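Subject: Structure for you to look at

Hello,

Here is the structure I said I would pass on. Please open it beside this message; my notes follow below.

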Amino acid sequence: MSDERIVFRNANLIDGNGPARSGSSVAIRGERIEAVGPDADIQSEAGDHEISLGGLSLMPGMVQTHFHSHFGAFGDGVRAPSLGLEAAPPYLSMLAAKNAETALLCGFTGAIGSSNAHVIDVSLKEAIHAGFVRGPRFLAGSREIVTTGEYSDYANNRNFFMQLGETGLTFKADGPEGWRLATRIEAGRGCDVIKISAGPGHGSSPATDIIYPTPEELRACVDAAHTLGKKVRAHAPSRISILECARAGVDIIDHADRIDAECIEAILEAKSYVVPSMLWSERFLEFAESWDHDASPLPISEGFPETPTEARARIAGVRADFEYTCEAMAEAARAGVKMVVGDDFGTPIMPHGEYIPELELYVKRLGISPVDVIGWATRNGAELMGLGDEAGTIEAGRLADIVIVDGDPLVDIACLGDLDNLRAILLGGTWAKNLLEPNA
Ligand SMILES: [Zn+2]
């Protein structure tokens with residue numbers, strides 16, 4: 001790379017820390033931001049590559065913190081949950097490479113893996129590092145550690161007769177020593193974030209107030225992971241699972257549908273991050289509540305036959321959870337819980353690439369200001385990746401992970417959802433996309 005600087009002029013700067021500042025310049029040298037300030041304050045140097053943005057917005061790259069790398073084998077059709085058994089592992093790996101590139105080209109310069117099969121996330125991360133797959137900075141997720149007999153124990157729930165053994169996506173463990181061993185195995189394979197199943201619910205089923213692992217199992221997992229420098233993330237929609245996960249020191253609470261004041265206190269104490277991931281619930285309800293259950297069964301089922309009455313009761317439970325979460329999550333955000341963005345993209349009616357409607361939901365349904373939601377997507381996401389001092393804001397010395405957008409996301413956050421509006425994306429000072437200079 002040459003030593004020539006890229007200098008953006010006349011930007012509407014959204015630095016991740018406050019209101020937009022028009023007439024700003026950002027100078028980039030190598031992989032880092034060298035200087036930021038009003039246009040007049042940033043002096044030109046011989047050899048600068050200057051690009052006038054004419055008032056386009058310049059903001060930090062976003063972080064997709066609940067990234068199921070190989071989901072979406074069926075496209076956006078309506079099917080059962082992804083288990084990592086939908087297609088051969090090589091096919092799923094190629095899908096993961098495609099999804100990683102999609103996320104980057106949607107302005108996500110970071111991603112954190114959730115449950116995945118066949119150690120695909122670790123290979124994906126290594127392929128990105130090696131440079132032959134294009135994707136964001138990435139922390140690899142693990143298989144999902146589950147307990148015997150729970151909802152996600154696909155080998156031993158009502159599918160027991162299939163004799164599935166371990167499904168691709170799940171890893172069964174029982175007892176504190178079992179959970180410690182499972183965590184160490186996943187860590188040893190190179191996973192950065194250990195995913196666990198802590199409680200039922202979210203999206204297509206209500207959050208019954210139970211928890212799957214014991215407090216001892218949770219603590220053994222967290223202790224083993226933290227000792228090895230890894231994080232733990234938990235599927236935790238039910239109140240008791242949120243509470244016990246926070247008390248055990250789980251780093252990332254996924255979904256958190258039934259969060260309440262006691263949970264909030266424990267989460268603040270543990271400094272855990274919450275992934276509200278509410279788009280999947282909203283999309284499911286749109287679909288399920290308009291379905292004629294008497295004519296045919298809902299295609300997004302729990303995998304087992306249910307009567308129309310049972311289906312309606314399940315959907316009503318999801319609706320009650322969703323309405324509750326809209327209030328409770330906004331309250332948690334006001335209380336200072338660190339929120340990040342990410343959802344179950346690649347599951348039915350949620351294709352990879354349609355990431356921005358999730359951010360819109362938080363503005364429209366939770367009443368969070370766009371500047372705060374951008375902060376969740378950028379600053380908080382980078383902090384969660386361990387890059388709190390390195391990325392997530394536009395400041396001198398930070399990595400040049402940058403999105404340039406035609407529109408003002410602080411006025412209309414939806415502008416980020418149109419790929420034509422994303423005029424340029426830089427990852428560590430290198431162009432991932434550049435429509436600013438058609439002949440460059
Ligand atoms: Zn998920």
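A crossing of two helices is called left-handed if the near helix is turned anticlockwise from the far one by less than a right angle, and right-handed if clockwise. Helices (H or I, at least four residues) and strands (E, at least two) are DSSP runs, numbered from the N terminus. The model is a predicted one, in which local features need pLDDT of at least 70 and side-chain atom pairs count only at pLDDT 80 or more, while totals for chains, interfaces and linings use all residues. Residues are numbered from 1 along each chain as its sequence is written, and side-chain values use heavy atoms, with hydrogens and water left out.

Helix pairs

By the definition above, H3 and H4 cross in the right-handed sense. Helix H3 packs against helix H4 (residues 215–227) with the axes 8 Å apart and an angle of about 30 degrees. Axes here are lines fitted to C-alpha atoms, for helices over the stretch in contact, and angles run from 0 to 180 degrees between N-to-C directions. H3 is therefore roughly parallel to H4 (under 35 degrees; over 145 is roughly antiparallel, 65 to 115 roughly perpendicular, the rest oblique). Contact means heavy atoms within 4.5 Å. On the H3 side, the residues that meet H4 include Trp 179, Arg 180 and Arg 184; among their H4 counterparts are Glu 216, Glu 217 and Asp 223. This contact has 6 nonpolar, 2 polar and 5 charged residues (nonpolar: Ala, Val, Leu, Ile, Met, Phe, Trp, Tyr, Cys and Pro; charged: Asp, Glu, Lys and Arg; polar: the others, Gly among them).

H1 (residues 89–105) and H2 (residues 120–130) have axes that come within 10 Å and cross at roughly 50 degrees, so the two are oblique to each other. Their crossing is right-handed. The residues of this contact divide into 8 nonpolar, 1 polar and no charged.

The sheet

An open sheet is formed by 7 strands with parallel pairing, in the order S10-S9-S11-S12-S13-S14-S15. Two strands pair if DSSP finds at least two bridges between them. S10 (170–172) and S15 (338–339) are the edge strands, each with a single partner, so one side of each has no neighbour in the sheet. S12 (residues 231–236) and S13 (residues 252–255) pair over 4 bridges in the parallel sense; Ala 234 has Ile 253 in S13 as its bridge partner. Helix H3 (residues 175–188) lies across S9, S10 and S11, running at about 140 degrees to S11.

Regards
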